[in-house]
Amino acid sequence: MAAVALLAAVCAAAGAPWAEYVEMTVRERVRNPKPHPRLLADADDFARLRADTNELVRIGRERVLFEAEQMRRFPLPARQLEGRRLLAVSQRALSRILALAMAYRLGGDVRFAERALAEAEAVCAFRDWNPSHFLDTAEMALAVAVAYDWLYDAMPPERRAKIRDGLLRHGLREPNGAPKSGGWAKATNNWGPVCHAGLAAGAVAVMEDEPALAEKILVRAALALPAPMRSYAPDGGYPEGPGFYWGYATDFTAVAIEVLERACGEDFALCRQPGFRETVDYMDLMTGPSGLKFNYADAGISPRQDLLARRATQAGCWWLARRFGRPDALATFEIPLYRAHCADRTELAPTPRRAFQRLFPLTLLWLQPAPPAACTSAPLCRLLDGEVPVSVQRSGWDADAWFVGLKGGSPSASHGHMDAGSFVLDAKGVRWAVDLGSEDYHRMESAGRNLWSTAQKSDRWKMFRLGPAGHNILRVNESAQYVGGFARFASFSDGPVPKAALDLLTLYPGVSHASRTGTLLPGGGYVLEDAVEGLAPGSVVRWQMLTPARVKDVRGNRLVLARRRPDREEAELVLTVSDRYARWEVEDVGAAQGPDESPNPGVTRVSFAVMAPEDGRVGYAVRFE
């Protein structure tokens, strides 16, 4: 309500409807552009970076120069699609141009400027930037915009014209002169911020030459961005998960806001969108003591601890902490991860499939000194409501703490899995209950699998990692969850005995009650209770969990798992079912579970089944200690 009231006040002060106010403000600024560089930073910002003696700035500069020195020797990019995507090429171009252009701005070495401009010229010579998959176009537009703006004074007029023409033709303008557009312009998921940020950056780079075009693109971005930013409401969560898409959306939302604010003098109330301030805590809440994220939805593979499942430094986290005055949000995870990234001298691959840290150079613009706080002020236990509600419960911020993430929502959510009621669990510094994450998009599409339909009988749910077989859920008669169902949190408490209760009823047609309740025990330990009613007698309810741990012992209703801790000592986790007649079953699921699917190295599925009696009620608890 506060954001709505503020917008109303602004509109009243402007004496015009909101859209007209935005248009008026943008028009005034576009007609009076600042000198280059003006995109995300100006000459004074770069001068401060060069002179700053702060340790974080110093090691960040060293990392950028290390990257740029290698990138200067890589082969120039070629227009090579992977299936229907050019995205890998666009992301590599953005990674290289940002690092090379920043390196030039930090030290004035013309070799870096020359190579960044050569990258921009190479992609401008492509026949197009694959507009049918517009993420590819948008990221390429941002890359070329940075080259054009940051290196404006390092190239003669004819070279500027060549790069400007490529940016306009491939990234910003249709043949009829209108701004490039498509369904992405009204997207409510990660496509919105990525596409609007890329085009807004391009518009700002060339706005003295194309003021009318720049005005239309910037106005559209300012008016369209609130729609995808609603994903953060009401508590700062994100429906597409922290594995990849929160970072993708948030990094580019930060870029879009910076571009608009620097060019137009204000952020058009974007930072006051509901839940956006609260998302500063999201990544800390979602990161377990193991360093792995609560990677629900399409994300990386925990057992392999790849760059999607294991948290890495994120430019957007620094921007959020700076914008909202929350340096403590950097203390527990982000600063150590930043330092580790800066110290890493592993040789870069010339053509990585995913350029994960492509926006890292922007972190230098958003840095602030290390906070005095020892750790984040984010709560230990939190319910994040919204399109995909999730809860987290942890006993502390130390490495040995207990951590459980419990997921609600629906399989039909954007990038969703059949995982309502699923959970991840950390203890003693390692992850015991895992989410396997996503399948390979390109490989599934190439194999003819219908990856993007969420219909009840879609191919999506036949894939092990996406369907019911590959998640830590309860199953009724081995059937799939109902894709139209929605698991909501019936209650949540963060008191001395934190408890989260999920109502799963609509996911299991034919039953009268289905719930899952997780309780974090004082002093350590966790209890997960399931209750199902209205079952036909003889129906089977199965509890299942995927784990990378070794099964050390199985005796009836008691299971012992073992894993090596980071300090190489072995830890054990004991799972005990309250039903003394339950019998644990152990299944190796490390091999690929379907045609063209990925293997799951080292993963075991442990489960037990309970048969419904005459009254149709099944209830049990699993204790972890």
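Figure 1. Asp165 is partly exposed, its relative accessible area being 39%. The structure shown here and in the following views is a predicted model. The side chain of Asp165 meets that of Arg169 in a salt bridge, with a distance of 2.3 Å from N to O. Both residues belong to helix α8 (residues 157-172); because they are four residues apart in this helix, about one helical turn separates them. Arg169 also counts as partly exposed, at 41% relative accessibility.

**Figure 2. The salt bridge between Arg443 and Glu439.** The closest N and O atoms of Arg443 and Glu439 are 3.4 Å apart. Glu439 has a relative accessible area of 4% and is therefore buried, as the limit for a buried residue is under 20%. Arg443, by contrast, is partly exposed, with 31% relative accessibility.

**Figure 3. The open sheet of eight strands.** The strands follow one another in the order β7-β8-β9-β10-β17-β14-β13-β12, and their pairing is antiparallel. At the edges of the sheet lie β7 (488-493) and β12 (550-555), each of which pairs on one side only. From one strand to the next, the twist averages 15 degrees.

**Figure 4. The pairing of β12 with β13.** Strand β13 comprises residues 558-564, and five bridges join this strand to β12. The two strands run antiparallel. Within this pair, Arg555 stands opposite Arg558 in β13.

**Figure 5. The salt bridge between Glu570 and Arg550.** The closest N and O atoms of Glu570 and Arg550 lie 2.6 Å apart in this salt bridge. The pair links distant parts of the chain, for Glu570 is in strand β14 (residues 570-577) and Arg550 is in strand β12, 20 residues apart. Glu570 is partly exposed, with a relative accessible area of 35%. Arg550 is likewise partly exposed, at 42%.

**Figure 6. The surroundings of Thr517.** Thr517 is found in strand β9, which spans residues 513-520. With a relative accessible area of 15%, Thr517 is buried. Leaving aside residues up to four places away in sequence, Thr517 touches Lys499, Ala500 and Ala501, as well as Val527, Leu528 and Glu529.

**Figure 7. A network of salt bridges.** Seen here are Asp45, Arg48, Glu258, Glu261, Arg262, Asp267 and Arg323, which salt bridges link into a network. A search of the whole structure finds 55 salt bridges.

Technical notes: Residues are numbered from 1 along each chain as its sequence is written. This is a predicted model: local features need pLDDT of at least 70, side-chain atom pairs count only at pLDDT 80 or more; totals for chains, interfaces and linings use all residues. Side-chain values use heavy atoms; hydrogens and water are left out. Two strands pair if DSSP finds at least two bridges between them. Axes are lines fitted to C-alpha atoms, for helices over the stretch in contact, and angles run from 0 to 180 degrees between N-to-C directions. Buried means under 20% relative accessible area, exposed over 50%, partly exposed in between (1.4 Å probe, protein chains only). Contact means heavy atoms within 4.5 Å. A salt bridge is a side-chain nitrogen of Lys or Arg within 4 Å of a carboxyl oxygen of Asp or Glu.
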